[in-house]
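User: Hi, could you help me go through this structure? I'd like to take it topic by topic.

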Amino acid sequence: MEFHEKLQELRKQKGLTQEELASELYVSRTAVSKWESGRGYPNIESLKAIAVFFSVTVDQLLSSDEILTIAEKHQKNTENHFRNLVFGLGDVCMLLLFFLPFFAVRTDGSARAVSLLTAEGAPWLKIAYFAVLIGGVMTGLLTLALQNVQALAWQRCKVPISLTLSAVAVLLFALSLQPYAAVFSFAVLSMKILVLLKRA
């Protein structure tokens, strides 16, 4: 007997509606309906709650194949959450370049370190810095804020956008002879690449 059949049978034995079971498990009725129709499985926490509520073990609820499916899904969700955190926080950290003295201003044969907000120089270059950094920070904020959004377009484009903006930042700072900003940006980009390589 499959999980969805067992769940339906256990619920009916207790004389509960899907809505009443959902209330007991602190999930939506739609979630219970989805589980009972075989269109998905609960997460680990919900599985434990179901087992406790019906006084059965998780092993009694699931076949070995179902356990593997849920474990793989849980692992994938954990990896995606970690990747989103690293990418999001890395992009948001680019905000530091606005305030920390990572930029060199050369005057009278000497250089002094200033933040981007106080840096002087070619206006077009400062606009390019601002555009790349604001784009990166906004991408990071959206990545952190929309972690649970399942929109396919956002899921597909957030990583390429983040990597592209980081690579452009490294190139822009390196070509404009801003080594501290370039190294900082490169560190953020390297961290993202390491996360992707670990996942591959």
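User: Which residues form the aromatic cluster?
Analyst: Phe98, Phe99 and Phe130 make up one aromatic cluster. Rings of Phe, Tyr and Trp (its six-membered ring) count as a pair if their centres lie within 6.5 Å, with planes under 30 degrees apart called stacked, over 60 edge-to-face and the rest tilted. Please keep in mind that this is a predicted model: local features need pLDDT of at least 70, side-chain atom pairs need pLDDT 80 or more, and totals for chains, interfaces and linings use all residues. Numbering runs from 1 along each chain as its sequence is written, and side-chain values use heavy atoms, leaving out hydrogens and water.

User: How many aromatic pairs does the structure hold?
Analyst: There are 8 aromatic pairs. In the pair of phenylalanine 53 and phenylalanine 54, the ring centres are 5.0 Å apart and the planes stand at 80°, so this pair is edge-to-face.

User: Is phenylalanine 54 buried or exposed?
Analyst: Phenylalanine 54 is buried, at 8% relative accessible area. The cut-offs are under 20% for buried, over 50% for exposed and partly exposed in between, using a 1.4 Å probe and protein chains only.

User: Then what about serine 55, where does it lie?
Analyst: Serine 55 is in the loop between H4 and helix H5 (58–61). Helices (H or I, at least four residues) and strands (E, at least two) are DSSP runs, numbered from the N terminus. Serine 55 is exposed, with 66% relative accessible area, and its phi is positive, near 55°, in a residue other than glycine.

User: Why point that out?
Analyst: Because most residues other than glycine have a negative phi. Tyrosine 26 also has a positive phi, near 60°. Tyrosine 26 follows H2, sits in the loop between H2 and H3 and is exposed at 77% relative accessible area.

User: Which residues of helix H2 are buried?
Analyst: In H2 (residues 18–25), Gln18, Leu21, Ala22 and Leu25 are buried. Viewed down the axis of H2, these buried residues fall within an arc of 100°, so they line one face of the helix. That arc is taken from the directions from the helix axis to the C-beta atoms.

User: And what covers them?
Analyst: The cover of the buried residues of H2 includes helix H1 (3–13), H3 and H4. Contact here means heavy atoms within 4.5 Å.

User: Switching to pockets: what volume does the largest one have?
Analyst: The largest pocket has a volume of about 800 Å³. Of its 26 lining residues, Lys73, Asn77, Asn80, Asn148 and Gln150 are the closest to the centre. On a 1 Å grid over the protein atoms alone, a pocket is an open set of points where a 1.4 Å probe fits, with protein on both sides within 12 Å along at least five of seven lines, and lining residues have an atom within 4 Å of a point. Grid points are joined across faces, edges and corners, and the volume is the space filled by probe spheres set on the points.

User: Which helix gives the largest share of that lining?
Analyst: H6, with 9 residues.

User: Last one: what does leucine 163 touch?
Analyst: Leaving out residues up to four places away in sequence, leucine 163 touches Phe87, Leu189, Lys192, Ile193 and Leu196. Leucine 163 lies in helix H9 and counts as partly exposed at 22% relative accessibility. Between leucine 163 and aspartate 91 there are 72 residues of sequence separation and 9.5 Å in space, C-alpha to C-alpha.
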